[in-house]
Amino acid sequence: MARFTLPRDLYFGPDAMNELSCLKGCKKAIIVTGGHSMQKFGFLDKLENILHEAGLETKLFEGVEPDPSVETVYRGAQAMRDFEPDVIVAIGGGSPIDAAKAMWVFYEYPEKTFDDIKEPFTMPKLRRKAIFVAIPSTSGTATEVTAFSVITDYKTLIKYPLADFEITPDIAILDSNIPLTMPKALTADTGMDALTHAIEAYVAALHSPISDALALKAIQMVYENLVASVEGNVEARGRMHIAQCMAGMAFSNALLGICHSLAHKTGAQFDIPHGRCNAILLPYVIEYNATACRHRIADIAHALGLPGATTRQLVNSLVDAIKNLNKKLGIKQTYRENGVSEEEYLKVADFIAENAVADPCTGSNPRETDVESMRKVLDCAYYGKDVEF
Ligand code: FE
C-alpha cells in the first residue's frame, strides 16, 4: 500500500490570495510571518483586509527568523493557545511556514515536546483546533504542500527535520504577485532547489506513477522558465511558482536523495544557500546515480528534448544541460569557485561525508552510498572533476 497526500485546495495565479474569502465561517486567524518583507510590499495588509472582510478576527505573530528555533516555535504555540484561532495562516519564505507547522502541533498538543514528534510519522492527529493555510513568497522549498518542517535547537545544535502528513497544509495559496519581489540571486538559487526536488523525486526509491507525472512536468517547466524568471519575466516567474509547487508535491511523497543529504551538510558548513549547494552538486550526483537508474535519468533527458541515442548519452546530455543552466544563471559550478578554500574544504570533507550518509534523505536515494562514495561525489563537486563511479 502506498499513500499520496496533498493539501485539499490550491489556489494559484495573480491575486490568488483573494480566494481566502473561502474561509468565511471561520472565526479567528493567527498570521505567522518572518521579517518585514511581507509588510513592506503590502501583502500583510492585503491579507489582513481579506480575512477581516471574510469576518475573521486576526492576530499577528511576526519575526520568525531564518532557520527557526525551538524557542520561536514554543512562543508561537503559546500565542496560539492564548488567542485560540481556528485558522493558522503562514505567509513568507520557507522559515515562517515551517515554524508555523511546528507551532500548530504544540498548539493542539501543549503537553508534547520535540522529542515526542521527532521520529518520522509519529505525530498525533491535528485539525482538532485549527486548519492550516500556507502562502509562500519564494519559489523553491514548496513547504506549502509538503509534510516537512525543519526546526533548529541552537542550544544543542540539533536540527529537527519533522516529517508527517499531519503537517501537510490544508490550503496552499500560490499568488504569483508575491514571488515577483524576489531578488535575482534568490530566484536562481530557489529555482535550482526546485529542479533538484523534482529530479531527486523522479529517481527516488519511493517514486510512484503519481509523483512521476508531477516531477517530470515540474522539471520541464523549471527548465523552460527559470532563466527568464531570473531575468524578470513576469509570466515565467508565475510559472516557476507553480512548477516548484508541483516538484514539492512529488518529493513530499516520493522523498529525495543524496544531493539533498550533501546540500544540507555543505550548506551549514560553508554558509552557502541551500539551493546553490544543490545546483553545484546535482550534475555529479546524477553521474553517481546513473549506475543504478540510468533509464529513469534518460527519461528526464527525453522529456527535455535533449540529444542522445543511448541511455549513457542521454545521461551525459542531462548533466551538460544542468551545467549550462547553472552558467546561464550565473551559478559557479564548484565549491572551490564559490569561495571555499582547499584548506577549509579538506578540514571538513570527511566530516561532511559521514554526516551526509546519516541524513534522512540518504535512505531514499536510488543508489546505495557509504562514506567513501559520498566523499568521492563531494570531491567532484569541490574540484569540478568528472569521476567514473
Ligand atoms: Fe531543497
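Donors are N, O and S atoms within 2.8 Å of the metal (3.2 Å for Na, K and Ca), and sites may look incomplete because water is not among the atoms. By that rule the donors of the iron ion follow the spacing D-x3-H-x62-H-x13-H along the chain. The model is predicted: local features need pLDDT of at least 70, side-chain atom pairs count only at pLDDT 80 or more, and totals for chains, interfaces and linings use all residues. Residues are numbered from 1 along each chain as its sequence is written, and side-chain values use heavy atoms, with hydrogens and water left out.

**Iron site**

- The iron ion is coordinated at 2.2 Å by D193 (OD), H197 (NE2), H260 (NE2) and H274 (NE2).
- H197 belongs to helix 6 (residues 184-203) and H274 to helix 10 (residues 274-303), so this pair ties together parts that are 77 residues apart in sequence. Helices (H or I, at least four residues) and strands (E, at least two) are DSSP runs, numbered from the N terminus.
- H197 is buried at a relative accessible area of 3%, whereas H274 is partly exposed at 28%. Buried means under 20% relative accessible area, exposed over 50%, and partly exposed in between (1.4 Å probe, protein chains only).
- The angles among the four donor atoms run from 84 to 169 degrees, and the site is irregular. Four donors count as tetrahedral if all angles lie between 85 and 135 degrees; four count as square planar and six as octahedral if opposite donors are over 155 degrees apart and all others between 65 and 115; anything else is irregular.

**Annotated domains**

- UniProt, in an unreviewed entry, places "domain: Alcohol dehydrogenase iron-type/glycerol dehydrogenase GldA" at residues 7-175. Over residues 7-175 the chain is 28% helix and 26% strand, with the end C-alpha atoms 16 Å apart.
- The UniProt feature "domain: Fe-containing alcohol dehydrogenase-like C-terminal", also from an unreviewed entry, covers residues 187-381. Over residues 187-381 the chain is 77% helix and 0% strand, and the end C-alpha atoms are 22 Å apart.
- UniProt positions are given in the numbering used here, feature names are shortened, and annotations may be inferred rather than shown by experiment.

**Nonpolar cores**

- A nonpolar core is a set of buried Ala, Val, Leu, Ile, Met, Phe, Trp, Tyr and Cys residues joined through side-chain atoms within 4.5 Å.
- The largest core has 79 residues, of which M192, I286, L318 and Y335 touch the most other members. Helix 10 supplies the largest share of this core, 15 residues.
- Apart from this core lies another, of 33 residues, with V73, A79, W104 and I117 among them.
- Beyond four places in sequence, the contacts (heavy atoms within 4.5 Å) of Y335 include F270, C277, L281 and Y382.

**Cysteines**

- With a disulfide defined as a pair of cysteine sulfur atoms within 2.5 Å, the count comes to zero.
- C259 is in no disulfide; the nearest cysteine sulfur, that of C277, is 9.1 Å away, too far for a bond.
- C259 is buried at a relative accessible area of 0%, and C277 is buried at 0%.

- T72 sits in helix 3 (residues 70-83) and is buried, with a relative accessible area of 4%. Not counting residues up to four places away in sequence, T72 touches F61, V64, E65 and M103.
- K129 is in the loop between helix 5 (114-117) and strand 5 (131-136) and is partly exposed, with a relative accessible area of 35%.
- The C-alpha atoms of K129 and E84 are 7.9 Å apart, although the two are 45 residues apart along the chain.
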